[in-house]
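Here are my notes on the model you sent. Please keep the sequence and the structure open while you read.

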Amino acid sequence: MSELLNRLKMSRAAIARVTVGEVPFGLRVLTEQDYLEAGFATDAALKAAGVELSVATADLFEDEKASQLLARALVDPNSLQPVAASARELRQALTRNDRAWLADRYLEHEKQFSPSERTLSADELSALVDEVKKNPATPRLNDSSIATLKRLITALVSPPAP
């Protein structure tokens with residue numbers, strides 16, 4: 001693995017600590033590979049259950065995908081090992097409310113540690129521009145997506161009209 005890819009991988013090490021009931025968990029930022037594998041696993045799970053994707057089954061697809069993603073993101077906060085061997089195992093332990101709450105916490109964590117074009121508002125971009133002007137080597141840039149970095153460069157080179 002190249003040094004740059006290794007550095008990118010290490011920047012994804014931020015773990016959010018959350019508690020469900022009295023049980024502490026960690027949430028890690030998912031990679032593009034995690035999202036791809038979760039998509040494949042979701043498709044396979046629905047096919048195995050004999051469910052064809054349609055408007056009527058779209059909610060089942062989204063629920064399964066959320067479970068697949070959480071199974072990859074939810075880790076033991078100390079060992080950083082996955083807490084569930086599969087999405088099925090995780091579903092058997094969580095209520096719908098727990099899953100929804102964890103999914104919301106994950107999205108907040110991803111937004112904070114892996115900001116992207118889709119989650120960065122104009123005000124947040126402006127704050128990032130100000131932060132970079134004050135400290136060009138700000139560590140926050142290490143966790144930014146390519147789309148965000150392109151948007152940041154454009155804003156620095158050609159600031160939007162007031």
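1. **Leucine 69.** Leucine 69 lies in helix H3. Helices here are DSSP runs of H or I with at least four residues, strands are E runs of at least two, and both are numbered from the N terminus. Leucine 69 counts as buried because its relative accessible area is 17%. Buried means under 20% relative accessible area, exposed means over 50%, and partly exposed lies in between, with a 1.4 Å probe and protein chains only. Glutamate 37 is 32 residues away from leucine 69 in sequence, yet the C-alpha atoms are 8.9 Å apart.

2. **Basis of the model.** This is a predicted model, in which local features need pLDDT of at least 70, side-chain atom pairs count only at pLDDT 80 or more, and totals for chains, interfaces and linings use all residues. Residues are numbered from 1 along each chain as its sequence is written, and side-chain values use heavy atoms, with hydrogens and water left out.

3. **Overall make-up.** The protein has seven helices and three strands. Read from the N terminus, the order is α-β-β-α-α-β-α-α-α-α. Of its 162 residues, 33% count as buried.

4. **Helix H3.** H3 covers residues 58-73. Its 16 residues should span 22 Å at 1.5 Å a residue, and the end C-alpha atoms are 22 Å apart, so the two agree. The expected span is 1.5 Å times one less than the number of residues. Buried residues in H3 include Phe61, Glu64, Ser67 and Gln68. The run from Leu69 through Leu70, Ala71 and Arg72 to Ala73 is buried as well.

5. **The core.** Which residues touch the most other members of the largest nonpolar core? They are Leu27, Leu74, Leu90, Leu102 and Tyr106, in a core of 19 residues. Two or more residues come from each of E1, E2, H3, helix H4 (87-93) and helix H5 (96-113). H3 gives the most, with four. A nonpolar core is a set of buried Ala, Val, Leu, Ile, Met, Phe, Trp, Tyr and Cys residues joined through side-chain atoms within 4.5 Å. In soluble globular proteins, nonpolar side chains tend to be buried together.

6. **The sheet.** Three strands form an open sheet in the order E1-E2-E3, with antiparallel pairing. E1 and E3 are the edge strands, each pairing on one side only. Two strands pair if DSSP finds at least two bridges between them. E1 (residues 15-20) and E2 (residues 23-28) share six bridges. Alanine 16 faces leucine 27 across this pair. E2 and E3 (residues 74-75) are joined by two bridges. Here glycine 26 stands opposite valine 75.

7. **The hairpin.** Two residues separate E1 from E2 in their hairpin. Glycine 21 takes a positive phi there, near 65°.

8. **Helix H7.** Is arginine 151 buried or partly exposed? Arginine 151 sits in H7 (residues 146-157) and is partly exposed, because its relative accessible area is 23%. Valine 129 is 22 residues from arginine 151 in sequence and 9.9 Å away, C-alpha to C-alpha. Leucine 156 also belongs to H7. Leucine 156 has 35% relative accessibility, so it counts as partly exposed.
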